[in-house]
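What follows is a short report on one protein model, written for a reader who is meeting it here. Please keep the sequence and the structure in view while reading.

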Amino acid sequence: MPKPEFEFFKPGNIPWQRADDRVEGLYEKILARDPQSGDYTRLLRFEPGTDTSPNGTLAHDFWEEVWIVEGSFVDLRLNRTFTAGMYACRPPGMQHGPWRTDEGCTTFEIRYYR
């Protein structure tokens, strides 16, 4: 089954849930998911003070597109700060992270395997 069809709606009723048990302060809100392919769209929220160092540097087997909606975080590996309005397109295998944020950050992400 592909991602469900949705007309515009306010996702306020979709609950935030822990995105990773190893990282305190990291929450996701899944907006749409294709359970067969694993593709999904989500909001990811880093609460102020979140540090994803327990996850180390990431690289995965899917495409990931990320838009920073609000706030900022520091990529600890690159020693660079990324801020609201910035965009990334990561092909499978691209290394990224870990991150730390003092002010908090929210991203909009699309992940897919094609």
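Predicted model: local features only at pLDDT ≥ 70, side-chain atom pairs only at ≥ 80, totals over all residues.

Glu 64 belongs to strand E4 (residues 63-75) and Arg 111 to strand E8 (residues 105-112), so the pair ties together parts that are 47 residues apart in sequence. Both Glu 64 and Arg 111 are buried.

Arg 111 also forms a salt bridge with Glu 109, and here the closest N and O atoms are 3.6 Å apart. Because buried means under 20% relative accessible area, Glu 109 counts as buried at 5% relative accessibility, and Arg 111 counts as buried at 13%. Through salt bridges that share partners, Glu 28, Arg 42, Glu 64, Arg 90, Glu 109 and Arg 111 are joined into one network.

Another salt bridge links Arg 18 with Glu 24, the closest N and O atoms being 3.7 Å apart. Of these two residues, Arg 18 counts as partly exposed at 33% relative accessibility, whereas Glu 24, at 59%, counts as exposed.

| Salt bridge | Closest N and O atoms |
|---|---|
| Glu 109 and Arg 111 | 3.6 Å apart |
| Arg 18 and Glu 24 | 3.7 Å apart |

The charges can also be viewed across the protein, which has 14 positive and 18 negative side chains, with the centres of the two sets lying 1 Å apart.

Turning to the fold, the protein contains 8 strands and 0 helices, so that from the N terminus on its elements run β-β-β-β-β-β-β-β. Its radius of gyration is 14 Å, close to the 13 Å that the globule rule gives for 114 residues, and the protein is therefore as compact as a globular protein of that length. The C-alpha trace spans about 40 × 30 × 30 Å along its principal axes.

How much of the protein counts as buried? Of its 114 residues, 39% do. When contacts between residues at least 6 apart in sequence are considered, 63% of them join residues at least 24 apart.

How values were computed:
Residues numbered from 1 in each chain as written. Heavy atoms only, no water. Helix = DSSP H or I, 4+ residues; strand = E, 2+ residues; numbered from the N terminus. Rg over C-alpha atoms; globule rule 2.2 N^0.38 Å. Buried < 20%, exposed > 50% of the residue type's maximum accessible area, 1.4 Å probe, protein only. Contact = heavy atoms within 4.5 Å. Lys, Arg positive; Asp, Glu negative; His and termini not counted. Charge placed at Lys NZ, Arg CZ, Asp CG, Glu CD. Salt bridge = Lys/Arg side-chain N within 4 Å of Asp/Glu carboxyl O.
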